[in-house]
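Please read it alongside the coordinates.

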Amino acid sequence: MASLSLISPQSPCSTLRHHLPSTFFPNPTIRIRQTSPSIKAFSAPIPSPLTQDELKKLAADKAVEYVQRGMVIGLGTCSTAAFIVSKLGELLSTGQLTNIIGVPTSKRTEEQALSLNIPLSTLDNHPHIDLAIDGADEVDPNLDLVKGRGGALLREKMVKAASDKFVVVVDDSKLVSGLGGFGLAMPVEVVQFCWKYNLVRLQELF
Ligand SMILES: O=C[C@H](O)[C@H](O)[C@H](O)COP(=O)(O)O
């Protein structure tokens with residue numbers, strides 16, 4: 001069964017933290033919160049205020065520490081995932097990492113990975129993924145997620161489902177006290193097959 005880990009750098013300038021219970025990422029140092037046998041949350045202290053991109057990069061670099069030689073890696077989509085792919089490219093180019101294969105979840109990620117000479121494959125050719133790393137749009141205190149606002153939901157879910165381990169990388173702008181907390185539309189991806197049937201089922205939810 002896949003496990004999920006969540007990595008989040010703490011920013012002292014967060015505007016969301018006051019919505020969260022004090023037990024949610026309360027750490028002065030890196031700790032692991034074991035919420036279930038398979039779900040962990042990590043939070044890294046930040047010495048000074050950083051930009052959101054700097055926070056994303058910090059968390060992405062930490063997540064990439066999970067990657068080991070010989071692994072098949074699910075590569076997420078969007079801005080945080082771009083930092084992950086960038087770090088993987090850097091480690092490969094300097095020889096600090098060898099013999100990995102990436103399975104991208106979007107054309108964007110595929111193009112970035114190819115530009116960094118990261119060997120790529122697909123689920124057809126590599127149906128078993130050792131580790132998938134991706135960002136998220138919202139994370140609640142139970143580590144439930146909203147994903148897909150970057151438009152790659154279906155592929156991300158397929159890659160995640162094929163992965164032994166799923167590492168979610170978020171900066172603290174993604175933390176919410178309850179899913180939907182940002183008041184934005186919930187991503188739903190509908191395949192063409194019987195889309196009207198699915199449209200009705202979705203309408204019935206409201
Ligand atoms: O479809 C996109 C993915 O679910 C992204 O992981 C999510 O939208 C977060 O994107 P970003 O890292 O740009 O905040």
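## Ligand contacts

How far does a polar side-chain atom of Glu156 lie from an oxygen atom of the ligand? The separation in this predicted model is 2.8 Å, where a polar contact is a pair of N or O atoms within 3.5 Å; within protein, one atom must be able to donate a hydrogen and the other to accept it, and residues adjacent in sequence count only if both atoms are side-chain atoms. Taken alone, the ligand exposes 380 Å², of which the protein buries 93%, the areas coming from the Shrake-Rupley method with a 1.4 Å probe. Ligand oxygen atoms also lie 3.2 Å from a side-chain N or O atom of Asp134 and 3.2 Å from a backbone N or O atom of Gly150.

The shell around the ligand comprises 16 residues, each with a heavy atom within 4 Å of it, and those that come nearest are Ser79, Thr80, Asp137, Gly148 and Lys174. By class, the shell has 3 nonpolar, 7 polar and 6 charged residues, with Gly counted among the polar ones and Asp, Glu, Lys and Arg as charged.

## Helix H4

Helix H4 spans residues 153-161, and its buried residues are Leu153, Glu156 and Val159, buried meaning under 20% relative accessible area and exposed over 50%, with a 1.4 Å probe and protein chains only. They lie on the same side of H4 because they cover an arc of only 135 degrees around the axis, taken from the directions from the helix axis to the C-beta atoms. The face turned away from that side carries the exposed residues Arg155, Lys157 and Ala161. The cover over the buried residues includes strands S4, S5, S6 and S9, where contact means heavy atoms within 4.5 Å. Helices (H or I, at least four residues) and strands (E, at least two) are DSSP runs numbered from the N terminus.

Thr105, in the loop between S5 and helix H3, is buried with a relative accessible area of 2%. A polar atom of its side chain lies 2.8 Å from the backbone oxygen of Leu75, and a polar contact of 2.7 Å joins the side chains of Thr105 and Thr77. Among the residues that Thr105 touches are Glu156 and Val159.

Ser163, in strand S9, is buried at 4% relative accessibility. A polar atom of the Ser163 side chain lies 2.6 Å from the backbone oxygen of Val159.

## Basis of the values

Residues are numbered from 1 along each chain as its sequence is written, and side-chain values use heavy atoms, leaving out hydrogens and water. Local features need pLDDT of at least 70 and side-chain atom pairs count only at pLDDT 80 or more, whereas totals for chains, interfaces and linings use all residues.

Definitions and conventions: Lists of a residue's contacts leave out its neighbours within four places in sequence.
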